[in-house]
There are 2 protein chains.
Amino acid sequence: LTLTREEAAALDRCDELAGFRDRFVLPEGLIYLDGNSLGPLPVATKARVGEVVEREWGQSLIRSWTDHGWIDLQFRIGEKIARLIGAAPGTTVVADSTSVNLYKLLAAALHRRPDRRVILTEAGNFPTDLYIAQGLAAHLQLGHEVREATNVLSTLDDTVGVLMLTHVNYRSGAMHDVAALTRAAHAAGALALWDLSHSVGAVPLQLEADGVDIAVGCGYKYLNGGPGAPAFLYIAKHMQNELRLPLTGWLGHAAPFAFESGYRPAPGIGRAVVGTPPVLSLAALEIGIDIALEAPMAAVRAKSLALAELFMTLMAEESAFTLLTPQAAPRRGSQVAFAHPQGYAIMQALIERGVIGDFRSPDVLRFGLAPLYVRFVDIWDAVATLRDVMRSAAWKQDRFQRRRSVT
Amino acid sequence: LTLTREEAAALDRCDELAGFRDRFVLPEGLIYLDGNSLGPLPVATKARVGEVVEREWGQSLIRSWTDHGWIDLQFRIGEKIARLIGAAPGTTVVADSTSVNLYKLLAAALHRRPDRRVILTEAGNFPTDLYIAQGLAAHLQLGHEVREATNVLSTLDDTVGVLMLTHVNYRSGAMHDVAALTRAAHAAGALALWDLSHSVGAVPLQLEADGVDIAVGCGYKYLNGGPGAPAFLYIAKHMQNELRLPLTGWLGHAAPFAFESGYRPAPGIGRAVVGTPPVLSLAALEIGIDIALEAPMAAVRAKSLALAELFMTLMAEESAFTLLTPQAAPRRGSQVAFAHPQGYAIMQALIERGVIGDFRSPDVLRFGLAPLYVRFVDIWDAVATLRDVMRSAAWKQDRFQRRRSVT
């Protein structure tokens, strides 16, 4: 390898974020490069969840909705996420899943552009984004079309009602320029809907400065909120009171406890919540976000880029792998991806050796680089393990071959 | 009182469900009659949630989706709920919130009745049911109308696409005849959508025998699944493959891990899930359901009715209170409700004395009677406390008066 393990270790010694690693449970002997799929357990989460279960639910029961602030939890955590994504107070709330939030905001955005019938997105966007748009278009029966473009800029025209993009691509790790694309959408008369699932917590975001209209994001990737953690959504202040959301549940009512028979949307971001929120999952999410807020984003970004550069440099000699991630730093999120025709088997062999990345059909090996707990030596060791797998042809063993049921 | 505390205690000694009380954490000195809003913590839940957090998430990380069956959790728990509601295997799944599930099923049902524009429901239905229907109708822009009737049977005509009802009314505790109303809906050419939130786990249900088309229900009331526990939904087998749900998320795809660009619904009930499920909240829910499955439903129903009869008998002398719950057993769910002009202050005074019921605007005192942990002496003590509050005029104290912010 073009750099020694000792040199990688030296980078760790200079890492100002090194101390954050102790905030997470990281099983001995494992190199975890899948935090872009499921972030690890923060050490503090166990006690917090236990407290919510035993003290709040167990002892205070129904009174916890007020006494322990459960009723405000979605908003309190939303305000913390707002700080992570460069959003103004009162613009961000935790609710439902990313998919459900996409539906809510996309439907509301289409309603704001009644004369336009195209939802423009990128070919290769995360499937749930595409599926939600397809399902909504079919459901509305108003002739909407989901257009998947390779170059969205050249396809933006006056038929486009909403430009819906994921900030960092889930496979390649390529990152869009939020400000430039939002400007282009606005210039074309469209609204911009951003999915921040693969960027929040790992790359800098400044939604307000970038003029973003609406956005959604995921809680269980770089925010380390736990499996299936609730998602969040953002609505720019100036749009909130004119936005008609399709999912008008009781908690989004202006006076939920008045039990009125007619729906009146809550003022501001409050209308974006729907049903009773999953308190246990919310409690876990808050711990992950609190940790993310402690880390200076500039340092997070610098380390993320450095980890990726190390990974790409060490992999440069592995000519059988095609780098899918853009090499230019501003075009990269916080993951690296390589294509290999035998990607599935190779990833299985890596996982068996304790290097946890993941595989995405048809041939992508994906490695998430979460700066709060991934070390430079982890990258060195991961690549060394990969080289060992390739040299020994370990991946050719029968047990690593793709089963038909895994597609 | 017309019955002594000792006589109530004698009823507890003969109660075949008495042993279930030990399965729940019930704080000393508290009489908890609000399990129809939030069920108490099962003793086993703490360890189970701890295991999922520490061992499954903490140690196995992303591998838990397969190794610990997270990916099947919504379906595994759904199958258990199916047994509670008299549904066939493969018809019930845990997903999202009750409100979101209502939206999904109501939208799909309207799509099956394209020539009909009326959603018929009951005046006084739970607000989120009304709000979701109103929001959906507005969103579709197809001229749908939400009709709230006092007598739905006389309002069922050939304009009605969906009859949407809550089985047990959240305020009065009045219970509908599922079979008769579903038959009436079908005879009128409409589909029947039932909200089981205030009945599941407390009253017998036989969805398949009753010919129910679609249904939703709540996990945190009589199922004791924890605050904001995920909800469930039911789709009759014969309708599943023809039902077009509007929220087409990646987990409802026929092959979610193929990451195809076009949505193809999963066969059967699988299409009704949307995004990644909240695993911690699901784990807690499963414990509550496991306990419910151990209790013979006939015994649960018999005790529920007996608890309510005792409550109503003891309250008969309290002429200032108007009974809102039907006295005929087949017309009752598992709660009793009384109106009193000073209901709010009276409930506050009761809560301060350790009797937890709840208040619903404008004047309703509501008491949930969960047969798995509520004792006959609890009813006796609750009514004795209420009499004491009334005799001493304790509720007139300033601190019990309604603040303007509570509406």
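Across all chains of this predicted model, the rule finds 52 salt bridges.

Start in chain A with A:Glu309 and A:Arg332. These two residues form a salt bridge, and their closest N and O atoms are 3.0 Å apart. The pair links distant parts of the chain. A:Glu309 sits in helix α10, which covers residues 297-315. A:Arg332 lies in the loop between β9 (322-323) and β10 (335-339). That puts the partners 23 residues apart. How accessible is each partner? A:Glu309 has 37% relative accessibility, so A:Glu309 counts as partly exposed. A:Arg332 has a relative accessible area of 1%, so A:Arg332 is buried.

The next pair is A:Arg391 and A:Glu318. Their side chains meet in a salt bridge, at 2.7 Å from N to O. This pair, too, joins distant parts of the chain. A:Arg391 belongs to helix α12 (residues 376-391). A:Glu318 belongs to the loop between α10 and β9. Here the two residues are 73 residues apart. Which of them is buried, and which is exposed? A:Arg391 is exposed, because its relative accessible area is 53% and the cut-off for exposed is over 50%. A:Glu318 is buried, because its relative accessibility is 6% and the cut-off for buried is under 20%.

Now look at A:Asp358 and A:Arg360. Their salt bridge has its closest N and O atoms 3.6 Å apart. A:Asp358 is buried, with a relative accessible area of 8%. A:Arg360 also counts as buried, at 12% relative accessibility.

Salt bridges can also join into a network. In chain A, one such network links A:Arg48, A:Glu51, A:Arg55 and A:Glu56.

Helix α9 of chain A runs over residues 279-294 and has 16 residues. From its first C-alpha to its last, α9 reaches 23 Å. That is close to the 22 Å expected at 1.5 Å a residue. Is the helix mostly covered or mostly open? α9 of chain A is mostly covered, with 13 of its 16 residues buried.

Then step across to the other chain. How many residues of chain B are in contact with chain A? The count is 81 residues of chain B, in contact with 81 residues of chain A. Together the two chains bury about 6700 Å² between them. Carbon and sulfur atoms carry 68% of that area. Three residues of chain B stand out: B:Trp57, B:Tyr131 and B:Phe259. They supply 12% of the area that chain B buries against chain A, more than any other three residues.

The rule finds 2 of them between chain B and chain A. In one salt bridge, the side chains of A:Glu54 and B:Lys46 meet at 3.6 Å, N to O. Polar contacts also cross the interface, in 27 residue pairs.

Which elements of chain B give two or more residues to the side that touches chain A? They are α2 (43-60), α5 (98-112), α6 (127-140) and α9 (279-294). The largest share comes from α6 of chain B, with 11 residues. By class, this side of chain B has 45 nonpolar, 27 polar and 9 charged residues.

How values were computed:
Residues numbered from 1 in each chain as written. Chains lettered and ligands numbered in written order. Predicted model: local features only at pLDDT ≥ 70, side-chain atom pairs only at ≥ 80, totals over all residues. Heavy atoms only, no water. Contact = heavy atoms within 4.5 Å. Buried area = accessible area lost by both parts, 1.4 Å probe. Salt bridge = Lys/Arg side-chain N within 4 Å of Asp/Glu carboxyl O. Polar contact = N/O pair within 3.5 Å; in protein donor to acceptor, adjacent residues only side chain to side chain. Helix = DSSP H or I, 4+ residues; strand = E, 2+ residues; numbered from the N terminus. Nonpolar A, V, L, I, M, F, W, Y, C, P; charged D, E, K, R; others polar. Expected span 1.5 Å × (residues − 1). Buried < 20%, exposed > 50% of the residue type's maximum accessible area, 1.4 Å probe, protein only.
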